[in-house]
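Open the model in your viewer and keep the sequence panel beside it. The stops below say what to select and what is found there.

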Amino acid sequence: MPRLAVTALAALAVLASSAPLAAQDTTAVRIGIRYDPSQRPGVLVLPIAGVVGDSLRIIIQRDLDYGDRVVVITPDAALAATLAAGGSINYPLLAKLGASRVVQGTMTPRGLHVALHDVAKAQVTDVAEFPLPIAQNTRDWRAAVHGVSDQVEAWISGTQGIARTRVAFIRGSVVRMIDSDGEDDQAIPMLGEAMSPAWSPSGAQLLYTTFGVNSRVVLHDLTTGRARAFGQASNTTNLTATFSPDGSSIVWAAAGENGSDLFLMPVSLDAPARRITVGRGTDNVQPTFSPDGRRLAFMSSRAGHPEIYIMDADGTNTDLLTVSDFGDQNYRSSPEWSPDDRQVAFQSRISGKFQVLVIGLRDRTSKLLTSDGENKDPSWSPDGRHLVFTSNRSGTSQLWILDTETGRTRQLTHTAGSRLASWSPRLKP
Amino acid sequence: MSTRVARRALLSLALAVSATIGGCVASKGDIRLLQDELRSMQAVSARADTVRRAQADSALRALSVAQDSMRALSARFGNFQAATSGELYDMARQLLTIQEQTGLSQRRLQELRATLEEKAPPGVTATPPMPGDSTKPAGPGPAQLFQVSVDQMRRGSFGVARSGFDELLTRFPRFEDAPAAQLYVGQAYAEEKNATAADSVYLLVVQRYATSAEAPKALYKYALSQLAQKKPDLAKQVLQRVIREYPRSDEADLARARLGTIK
């Protein structure tokens with residue numbers, strides 16, 4: 001029997017047994033469905049009337065499904081039409097379909113009115129009106145609908161969804177962006193051949209580095225379209241730039257004839273770059289900040305072959321993070337600190353192929369997350385649950401998304417040569 | 001008179017002719033002689049040239065051989081140097097790897113010790129009491145105290161972390177990670193925006209544990225703290241002290257780089 005049903009029955013039993021006492025005891029008893037992360041509740045999105053009703057319903061259903069926190073129930077059109085016939089919700093039928101929550105959307109002159117029903121309680125628990133742009137099916141309109149989905153997910157699970165996010169990546173030396181649901185793949189104007197895009201914490205700027213003779217770090221403002229470049233020097237290649245979590249600094253790797261080191265520079269670019277690693281001729285690249293900005297993980301070859309290290313953001317207290325056996329020639333790289341500060345995702349070469357793993361920051365135990373094809377360059381979603389990574393499992397280099405809790409994967413891009421993904425923060429309206 | 005004059009003229013002419021004819025005969029012989037001598041001299045000179053050329057060739061050959069030998073020697077020396085430096089490089093790398101592995105093992109050991117201490121009955125610690133520790137521990141052992149305090153630090157509970165480290169330093173002053181605990185106390189103060197307290201603790205680390213790996217870190221953090229407090233002159237002095245007193249530390253390298261960016 002589904003756990004939710006058991007919970008509901010138990011709740012009813014408690015209600016029945018406590019009824020005689022209710023008259024004497026003034027303490028209120030609250031009965032309802034509580035979200036349990038190990039048990040995904042069934043959610044049904046009712047048909048939405050109007051010209052774009054079908055589009056709205058499909059986008060919300062897909063967003064909730066991709067969030068991996070609920071099970072989306074999709075009855076056929078005829079059955080769906082009977083669930084809210086005559087304006088009243090058929091809770092018993094919805095319960096039989098396995099739905100514990102129902103999303104009811106109504107188009108208004110300003111946007112979309114959404115009500116969330118609790119089937120067990122047979123009542124509306126949450127309600128809000130979301131403004132939508134007048135121009136339908138545009139980028140902004142779709143983003144606004146993703147925002148609706150994220151709020152519905154927050155009502156159900158207590159955690160904001162990740163639908164209103166984008167993934168920046170590289171295809172053919174060009175920085176591109178794609179919505180978290182795989183729609184709206186677009187390129188941004190470039191200064192040179194790009195590598196390793198990274199989002200600012202606000203989501204308003206993108207960093208990337210260019211390679212070649214005039215290698216630079218480029219700060220691209222997505223609102224104004226303007227770009228500022230720095231770091232150009234002779235015989236120097238700039239690599240893997242990233243923002244500090246407060247958005248005030250940029251850390252990147254500058255590689256010359258004598259290895260590479262990490263440098264820190266204020267975003268205002270009004271102070272000289274400051275070296276924060278002591279590579280002594282080795283490679284030190286791929287910095288990633290802890291969420292509090294106090295520490296950095298990065299890849300270094302200082303002990304022979306590439307491993308992942310952690311240090312204080314000022315360059316002191318460098319410490320080896322990844323564990324390797326002596327003589328192990330498989331190396332570990334591309335670290336990405338999780339938003340919940342519990343683990344670091346990275347790639348390791350296993351039997352000649354890269355695979356994605358996570359290592360716990362407390363117990364330092366690793367967990368292999370992929371095995372199908374070659375998988376690399378992981379990047380966390382803002383909810384700290386999903387990873388986007390590059391994989392050749394479909395035959396070509398594509399971006400894939402993995403739910404680290406269930407192991408469920410889905411393909412994000414469908415054009416060959418997509419790689420080096422970076423997941424945005426939750427984007428503001 | 002005219003006859004005498006004519007005779008004299010004839011005699012003079014005859015003498016001149018005879019002298020001319022006689023002179024001509026002597027020159028030819030001399031020329032031959034001279035020619036012979038010249039030939040002979042040329043032959044001698046040619047022989048001498050040949051000998052000299054042969055000697056020069058021989059010397060050149062010897063030089064070339066010597067150069068080849070030198071080249072071969074140099075190449076051998078170069079190979080030897082490359083092999084030696086390669087081996088030295090490999091050895092240095094292996095040493096670093098061993099150091100890293102050792103560091104990792106120590107950390108794992110530390111964590112295991114903390115776990116053991118956690119599981120041990122109250123009053124029993126997995127770490128033997130340190131010499132000089134007069135107080136018998138009645139709570140968590142030093143490794144556990146250290147680990148718990150580090151965890152609090154990571155969570156951003158700086159006050160709690162500081163209390164843990166302080167307790168550790170009071171109860172187990174000779175614990176192997178006491179310098180790191182002391183440094184964490186300074187960092188906790190810094191996170192709490194108490195720069196004065198942080199600075200004094202950084203200097204305390206240098207004073208108490210001058211030979212530990214934490215001393216240059218503390219001194220470097222002290223310098224950065226002075227920079228943040230807009231005291232560049234003092235910061236420069238401290239950075240120079242890091243370079244002078246701990247020249248082989250990573251912090252000395254960072255200090256050199258930092259000095260170059262201070263106006």
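This is a predicted model: local features need pLDDT of at least 70, side-chain atom pairs count only at pLDDT 80 or more; totals for chains, interfaces and linings use all residues.

Residues are numbered from 1 along each chain as its sequence is written, chains are lettered from A and ligands numbered from 1 in the order in which they are written, and side-chain values use heavy atoms, with hydrogens and water left out.

**Stop 1: the contact between the chains**

Select chain A and chain B in two colours. Each gives 33 residues to the contact, where contact means heavy atoms within 4.5 Å. Together the two chains bury about 2800 Å², with 48% of that on carbon and sulfur atoms; buried area is the accessible area (1.4 Å probe) that two parts lose on being put together, summed over both.

Six salt bridges run between chain A and chain B. A salt bridge here is a side-chain nitrogen of Lys or Arg within 4 Å of a carboxyl oxygen of Asp or Glu. On the chain A side, the elements that give two or more residues to the contact with chain B are β16 (274-275), β19 (307-312) and β20 (319-320). Helices (H or I, at least four residues) and strands (E, at least two) are DSSP runs, numbered from the N terminus.

Next, select B:Lys221 and A:Asp312, a salt bridge with its closest N and O atoms 2.9 Å apart. B:Lys221 is in helix α6 (residues 214-228) of chain B and A:Asp312 is in strand β19 of chain A, so this pair joins two chains. Are these two residues buried or exposed? B:Lys221 is buried at 7% relative accessibility, and A:Asp312 is buried at 10%; buried means under 20% relative accessible area, exposed over 50% and partly exposed in between (1.4 Å probe, protein chains only).

**Stop 2: a four-stranded sheet in chain A**

Move to the open sheet with the order β13-β14-β15-β16 in chain A, where the pairing is antiparallel. β13 (237-243) and β16 are the edge strands, each with a single partner, so one side of each has no neighbour in the sheet. Five bridges join β13 of chain A to β14 (residues 249-256) in the antiparallel sense; two strands pair if DSSP finds at least two bridges between them.

**Stop 3: salt bridges within chain A**

Over all chains, the whole structure has 31 salt bridges. Select A:Arg139 and A:Asp184, whose closest N and O atoms are 2.4 Å apart in one such bridge. A:Arg139 belongs to helix α5 (residues 139-157) and A:Asp184 to the loop between β7 (174-179) and β8 (186-187), so the pair ties together parts that are 45 residues apart in sequence. A:Arg139 is partly exposed at 39%, as is A:Asp184 at 25%.

Then select A:Arg166 and A:Asp179, which meet in a salt bridge at 2.7 Å, N to O. A:Arg166 is in strand β6 (residues 166-171) and A:Asp179 in strand β7, 13 residues apart. A:Arg166 is buried at 9%, and A:Asp179 is buried at 6%.

To finish, select A:Arg62, A:Arg139, A:Arg142, A:Arg166, A:Asp179, A:Asp181 and A:Asp184 together: salt bridges that share partners join them into one network.
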